[in-house]
Amino acid sequence: MNQEKVIVLDFGGQYNQLIARRVRECSVYCEVHPHYLSVDKIREMSPKGIILTGGPNSAYLEDSPSCSREIFELGVPVLGICYGSQVMAHLLGGSVKTAPVSEFGKTDVKVDTASELFEGVQEHTVCWMSHTDYIEKTPAGFQVTGQTPSCPVAAMECPQRGLYAVQFHPEVMHTVQGQTMLLNFVHHICGCSGDWKMDSFVEKTIQEIREKIGNGKVLCALSGGVDSSVAAVMLAKAVGKQLTCVFVDHGLLRKNEGDEVEAVFGPDGPYDLHFIRVNAQERFYARLKGVTEPEQKRKIIGEEFIRVFEEEAKKIGAVDYLVQGTIYPDVIESGLGKSATIKSHHNVGGLPDCVDFKEIVEPLRLLFKDEVRQAGRELGIPENLVSRQPFPGPGLGIRIIGEVTQEKVRIVQDADAIYREEIAAAGLAGEISQYFAALTNMRSVGVMGDGRTYDYAVALRAVTTTDFMTAECAQIPFEVLQKVMNRVVNEVKGVNRVVYDLTSKPPGTIEFE
C-alpha cells in the first residue's frame with residue numbers, strides 16, 4: 001500500500017491497537033511495530049508521523065524498553081503518549097522520576113490552547129491518566145503545554161523539531177477531546193491529507209488479488225463469521241468460480257446459523273463460487289464427550305476443525321492458494337507477542353499442515369474489525385451478516401460450562417435466540433456491543449405448575465465496549481430482562497432459572513470460558 005502512513009512504536013502498552021484505530025478514524029493509514037524497530041527500517045517506510053505508546057515500565061531504568069535517539073532527529077513529527085512521553089524526555093536530556101502522587105482515571109488537565117496539538121480543545125479538558133512516574137524536568141528547548149495539580153508536565157512540546165508529548169491517553173474514550181488531539185497531530189502537524197478510504201481499499205485489493213492469482217485455484221475455510229465472509233466475498237469478486245469455500249458446521253453455532261450461512265454462500269446465494277457444507281455435528285459431540293476443562297474443549301474443537309477441513313481439501317485436490325480471514329489485530333498480537341495468554345485464541349483452526357497449497361492469501365490483514373465491517377458493506381454483503389456480533393470459533397462450546405452435549409447445545413441455542421429477539425424488539429441491539437445467553441453447569445430446584453423441577457440456570461451476558469479489551473456490563477432495562485426470563489423459562493425445556501451477569505472486564509472476560 002503506497003498511501004501516507006503513521007507508525008506506532010509499541011512499548012507494551014495495552015492501548016497500542018487502539019491508538020492505530022483512532023489514527024485510522026482520521027482517514028490516515030497506521031501500523032503498529034515493536035519499539036525496537038530500527039531507524040533504517042523507519043526511513044524505508046517513509047512515515048508522515050511516529051507515535052510512541054504507553055507501557056508498564058520506568059523509562060529511567062536500564063533494562064526498560066526504549067528506542068533509538070535518532071528517531072527524534074529524522075525530521076518526522078513524533079508524539080509520545082504516557083510512557084512514550086517519558087521515553088522522549090529521558091532520551092533527550094530531561095528528568096523522569098517516581099511521582100510523589102500517582103494519577104489514575106479521569107483527570108482535569110489545563111492545556112495551552114495556543115499549541116497546534118490542542119487547537120479546538122477546551123483549556124480545561126478531562127483526560128485519562130494512568131501513571132506512577134512523571135516528567136520532573138523537560139528537555140532543553142521544550143515548553144510545558146499541559147499540567148494538573150499533581151503532574152507539572154502533563155504535556156510538553158518542541159514544535160521547531162516536531163516533537164510532542166502527553167502524559168495522558170488521548171486514544172481512550174475517557175479523554176473527552178482526545179480524538180481532536182490525534183486529528184490535530186496527524187492532519188495539521190504531520191500534514192496528512194487523509195487518503196485511507198475503504199472504498200478505494202476494496203477496489204484496489206480485489207484488483208491485486210485478481211492479478212496475483214491469475215488462473216489459480218483458491219480454497220477458503222468459511223466459518224460464517226464476519227472476517228471469513230468478507231474475505232470470501234472479496235475473493236469471489238476477484239476470481240469467481242476459481243474459489244471453493246468449505247463450511248464446517250461443527251454443531252456449535254447459534255440457532256439456524258448454519259442454514260443462514262448456506263443461504264448466503266450456497267448455490268442459491270448471490271456469489272459466484274463453489275460452496276461445500278460439511279455437517280460434522282455428531283463428530284464434534286463425540287470428541288467433546290466427558291470433557292469439562294475449557295482449554296481442552298477449545299483445543300479439541302480447533303484440532304477437529306482442522307482435521308475435517310483437511311479431509312475435504314484432499315477431496316478437492318491440490319490448490320494454489322489458501323485464503324485466511326486474518327485481520328490486523330491478529331498480525332499485531334502474533335508479531336509483537338507481548339500479551340500474557342489469558343486463554344487460547346478465540347478462533348478455531350490454524351494452518352492446516354496436510355493441505356497442498358502454494359501460498360496463503362490474507363486480504364484483510366491490514367484491517368481492524370470495524371474496518372472489515374466497512375469493507376463488507378462496500379462489497380454489498382447483507383447487513384445482518386456484516387454487523388453480526390463477535391462469535392468465538394469454538395462457538396457454543398465455550399458458552400456451555402462443563403461438558404458439551406447435544407441437549408445442552410439445544411438449550412443454549414433456544415435461550416440465546418429468545419434473548420436476541422427481545423433485545424432487537426426493544427431497540428437495544430445497536431446500543432450493546434455483545435450479548436448472548438450461556439448455559440451454566442448449575443442445576444437448582446424450581447416449581448412449574450404444581451410440580452417440582454430440577455433444571456439448569458441460563459446466564460445472560462451483555463457488555464458495552466469500544467475495543468473489547470475492556471468492557472462494562474450493559475444496563476438493560478429491567479422489564480426487558482424480565483420478559484426474556486419469562487420466555488426462556490416457559491419456552492426452553494430444561495431451564496427453570498435465569499441470571500444476569502454484571503461482571504465487567506476486567507476482572508472477568510466477555511466469554512464465560
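Predicted model: local features only at pLDDT ≥ 70, side-chain atom pairs only at ≥ 80, totals over all residues.
1. Which residues in α6 meet which residues in α11? On the α6 side they are Val-226, Asp-227 and Val-230, and on the α11 side Lys-369, Val-372, Arg-373, Ala-375 and Gly-376. By class, this contact is made up of four nonpolar residues, three charged ones and one polar one.

2. To place that pair, look for α6 at residues 226–239 and α11 at residues 369–378. Their axes come within 10 Å and cross at roughly 40 degrees. An angle under 35 degrees would count as roughly parallel, so at roughly 40 degrees the two helices are oblique to each other. The crossing of α6 past α11 is left-handed.

3. Next, please turn to helix α14, which covers residues 478–491.

4. The buried residues of α14 are Val-480, Leu-481, Val-484, Arg-487, Val-488 and Val-489. An arginine, Arg-487, is listed there together with the valines and the leucine. As a reminder when you follow such a list along a helix, an α-helix has 3.6 residues a turn, so residues three or four places apart point the same way. The partners that these buried residues pack against are helix α13 (406–425) and the strands β15 (434–448), β16 (451–464) and β18 (495–500).

5. From α13 come Ala-415, Ile-418, Tyr-419, Glu-421, Glu-422 and Ile-423, and they meet Val-480, Lys-483, Val-484, Arg-487, Val-488 and Glu-491 of α14. Seven of the residues in the contact are nonpolar and five are charged, with no polar ones.

6. Is Val-492 buried or exposed? Its relative accessibility is 3%, and so it counts as buried. Setting aside neighbours within four places in sequence, Val-492 is in contact with Arg-410, Ile-411, Asp-414, Ala-415, Ile-418 and Arg-487. The C-alpha atoms of Val-492 and Ile-418 are 9.3 Å apart, although 74 residues separate the two along the chain.

7. One of those contacts of Val-492, Asp-414, is itself a residue of helix α13. With a relative accessible area of 16%, Asp-414 falls under the 20% limit and is therefore buried. Beyond residues up to four places away in sequence, Asp-414 touches Lys-255 as well as Val-492.

8. Now try strand β15, where you will find Ala-437. This alanine is buried, with a relative accessible area of 1%. What does Ala-437 touch, not counting residues up to four places away in sequence? The list is Arg-399, Val-412, Ala-415, Asp-416, Tyr-419, Val-458, Ala-459 and Leu-460. Two of these, Ala-415 and Tyr-419, also take part in the contact of α13 with α14. From Ala-437 to Val-498, 61 residues apart along the chain, the C-alpha distance is 9.6 Å.

9. Ser-46, in the loop between α2 (39–45) and β3 (49–52), has a positive phi of about 50 degrees although it is not a glycine. Ser-46 is exposed, with a relative accessible area of 52%. Asn-256 is not a glycine either, and has a positive phi of about 65 degrees. This asparagine sits in the loop between β11 (243–249) and α7 (257–265), and at 48% relative accessibility Asn-256 counts as partly exposed.

10. Finally, check the segment after β18, where Pro-506 and Pro-507 are found. A cis peptide bond joins Lys-505 to Pro-506, with omega about -15 degrees. Another cis peptide bond joins Pro-506 to Pro-507, with omega about 15 degrees.

How values were computed
Residues numbered from 1 in each chain as written. Heavy atoms only, no water. Helix = DSSP H or I, 4+ residues; strand = E, 2+ residues; numbered from the N terminus. Expected span 1.5 Å × (residues − 1). Buried < 20%, exposed > 50% of the residue type's maximum accessible area, 1.4 Å probe, protein only. Contact = heavy atoms within 4.5 Å. Axes fitted to C-alpha atoms, helices over the stretch in contact; angles between N-to-C directions. Parallel < 35°, antiparallel > 145°, perpendicular 65-115°, else oblique. Left-handed = near helix turned anticlockwise from the far one by under 90°. Nonpolar A, V, L, I, M, F, W, Y, C, P; charged D, E, K, R; others polar.
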